Amino acid sequence: MQVIKAVPSVFTVGNLFIGILSIILAFQGQVEYAAIMVVIGMLLDGLDGRMARMLNAQSEFGKELDSLSDIISFGVAPAFIMYVVILQDYSYLGWIITAVFPICGALRLARFNVQEGAPGYFIGLPITAAGGILATLTLYIDSLHPLVLTAGMLGLSYLMVSNVHYPSFKKLGIPKFVYWISAILVLVILIVSMFYPTQVNKILFVPLAVYAFYGLKKNVRIFGKKKKVPGEIRNNY
């Protein structure tokens, strides 16, 4: 029985291991593989929570271990990838910007662990999504100006500690449009895999960025409704 309850932690430790590998690969200059490691970590992070609920193995130990692993895999690793790609050219300013991302991620996780959130929503962009976006964003170094990438990194840092509401699909259910987008995305990946195999990793950036903008768009809509009907939507900020 104890072995079964340890299964989710195995996935969590696997996520941590993948995050460490990502950091090593980044400093070896293998940025694409480092970004892929972060994406694999996202999959493991999703599985550990589902396994915990399925096996009824949720625990405070697992919760703390998950947060610590997330800091490495989705805070430190993507920040180091960005440092290797462009920020090391900014000297001391690059050090500071590199540190800001995991610090905001840590603040986001600490708030998540101690503060009661809005039902069905995350408050602030989850570090898992922010890390995945940043890791895949670095793959666009040849087509985007370094200042755009840096601004994107700082923007993601802000969104993690912001009060923007992001839907938790595991509680709200998956909207129908997500199925359509997923089907289209799979088709695009298959086509790109056939003609441009080296570009596949960049496509992973698209759905993650859509999620980040979806939260912003939804938050603006909620804010608009609040102005029309004061008090209709309770302020959860």
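Contact here means heavy atoms within 4.5 Å.

**Entry 1, ground rules.** I'm working from a predicted model, where local features need pLDDT of at least 70, side-chain atom pairs count only at pLDDT 80 or more, and totals for chains, interfaces and linings use all residues. Residues are numbered from 1 along each chain as its sequence is written, and side-chain values use heavy atoms, with hydrogens and water left out.

I listed what Leu125 touches, skipping residues up to four places away in sequence: Arg108, Ala130, Ile133, Leu156, Leu159, Met160, Tyr166, Tyr211 and Ala212. Leu125 also turned up among the residues with the most contacts inside the largest nonpolar core, along with Ile81, Phe101, Met153 and Tyr166. That core has 50 residues. H2 (7-27), H3 (31-54), H4 (60-85), H5, H6 (127-137), H7 (146-161) and H11 (205-228) are helices that each supply at least two residues of it. H4 gives the most, with ten residues. For my own reference, a nonpolar core is a set of buried Ala, Val, Leu, Ile, Met, Phe, Trp, Tyr and Cys residues joined through side-chain atoms within 4.5 Å. Helices (H or I, at least four residues) and strands (E, at least two) are DSSP runs numbered from the N terminus.

Buried or exposed: what is Ser157? I found Ser157 in helix H7, and it counts as buried because its relative accessible area is 2% (buried is under 20%, exposed over 50%, partly exposed in between, with a 1.4 Å probe and protein chains only). Ser157 touches Val100, Phe101 and Cys104, not counting residues up to four places away in sequence.

Ser67 sits in helix H4 and is buried too, at 9% relative accessibility. Leaving aside neighbours within four places, Ser67 is in contact with Leu109 and Asn113. I also checked Ser67 against Thr12: they are 55 residues apart along the chain, with C-alpha atoms 9.4 Å apart.

Residues 7-25 are 100% helix and 0% strand, with end C-alpha atoms 27 Å apart. Residues 122-141 are 55% helix and 10% strand, and their end C-alpha atoms lie 30 Å apart.
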